[in-house]
Amino acid sequence: MVDPANPALGIKGGSLFEMALGVAIGAITFTGSVIAFAKLSGRMSGKPILLPARHLINAALGLILIFVIYSFIQSGGSAFLFWLIVLLSLLVGILIIIPIGGADMPVVISMLNSYSGWAAAGIGFTLGNIALIITGALVGSSGAILSYIMCKGMNRQFLSVIAGGFGGETAAAAGGGEQKPVKLGSAEDAAYVLGNAGKVIIVPGYGMAVAQAQHALREMADALKKKGVEVKYAIHPVAGRMPGHMNVLLAEANVPYDEVFELEDINSEFSQADAVYVIGANDVVNPAAEEDKTSPIYGMPVLQVWKAGTVFFNKRSLASGYAGIDNPVFYRDNTVMVLGDAKKMTEEIVKALAH
């Protein structure tokens with residue numbers, strides 16, 4: 001019989017555990033997602049926010065949360081302890097995400113997707129809802145697989161991402177060095193070189209997605225092909241914010257599938273390309289991943305754009321990417337920076353190609 005004064009009484013211990021675990025994971029997912037959104041949208045710095053003794057704080061909060069969940073079950077379902085679980089979990093969600101650099105947000109997002117699935121599955125057990133259990137387990141497992149794919153694409157360990165990942169202590173100190181000279185170019189410069197090239201490789205990144213420049217990019221590729229230029233697209237597995245992000249956007253713009261190549265298939269061709277057009281990418285084309293053992297992205301597979309004859313690099317500014325580190329490609333002799341909004345710059349190149 002359930003006591004009207006305390007409706008939770010009468011619920012079995014197993015169901016209370018499922019309820020507590022589900023709400024804890026859900027609360028962590030919620031605040032973690034808010035922080036991830038704020039970092040990616042520019043509402044807060046994409047750099048890590050490193051609290052003193054953060055690992056100790058997180059471990060202590062985790063132990064306290066476990067104790068409160070245990071006490072909640074032993075109490076038979078105390079409303080006070082239930083809401084304490086919610087508040088502690090909300091705090092944990094914030095604290096485990098803010099130390100993670102923006103470059104690792106793709107892994108964080110897929111991890112949070114996984115958490116949301118497991119939270120749904122936990123509530124499904126409590127409610128005895130088979131459909132909720134199955135769908136939650138599918139979302140949770142697919143998110144976990146996606147996290148593995150992302151970590152593999154960045155040559156990272158999952159635990160190292162959660163502990164700080166890219167943009168950690170090393171990267172946090174970067175970006176304040178001496179400003180080096182760069183070659184600045186215009187849309188007309190890019191159009192002239194690209195239009196007279198034999199082979200051009202286009203490397204899209206998150207900046208293209210933000211500017212919604214995929215349609216203008218396809219128009220540029222079509223204009224180049226009319227001039228007899230061979231055009232290919234090079235896709236990094238973690239370009240954008242999810243695996244396949246660039247592929248989806250290019251498909252939306254009706255880019256032929258046979259012109260789109262993954263990193264493993266296209267990297268050997270950069271040395272044969274007359275020109276490369278990097279649009280909105282940064283960390284995924286950073287040679288520090290291969291050349292600088294002290295770099296936080298060392299070991300991550302990258303697109304070797306610097307091997308092409310000429311590299312046109314389209315970004316809004318010379319700011320570092322989400323990893324928080326400088327990109328040596330900016331300062332190479334064969335690199336021309338065409339700064340500005342990705343869509344507007346590409347549209348200007350298309351107009352210049354038409355003349």
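Guide: A residue is buried at under 20% relative accessible area, exposed at over 50% and partly exposed in between (1.4 Å probe, protein chains only). This is a predicted model, in which local features need pLDDT of at least 70 and side-chain atom pairs count only at pLDDT 80 or more, while totals for chains, interfaces and linings use all residues. Residues are numbered from 1 along each chain as its sequence is written, and side-chain values use heavy atoms, with hydrogens and water left out.

Visitor: How many aromatic pairs does the count come to?

Guide: Rings of Phe, Tyr and Trp (its six-membered ring) pair if their centres lie within 6.5 Å, with planes under 30 degrees apart counted as stacked, over 60 as edge-to-face and the rest as tilted. By this rule the number of aromatic pairs is four.

Visitor: What is the angle between the planes of Phe82 and Trp83?

Guide: The centres of Phe82 and Trp83 are 5.4 Å apart. The pair is classed as edge-to-face, and the angle between its planes is 85°.

Visitor: Which is Phe330, buried or exposed?

Guide: Phe330 forms an edge-to-face pair with Phe313, at 5.0 Å centre to centre and 85° between the planes. Phe313 has a relative accessible area of 0%. Because its relative accessibility is 1%, Phe330 counts as buried.
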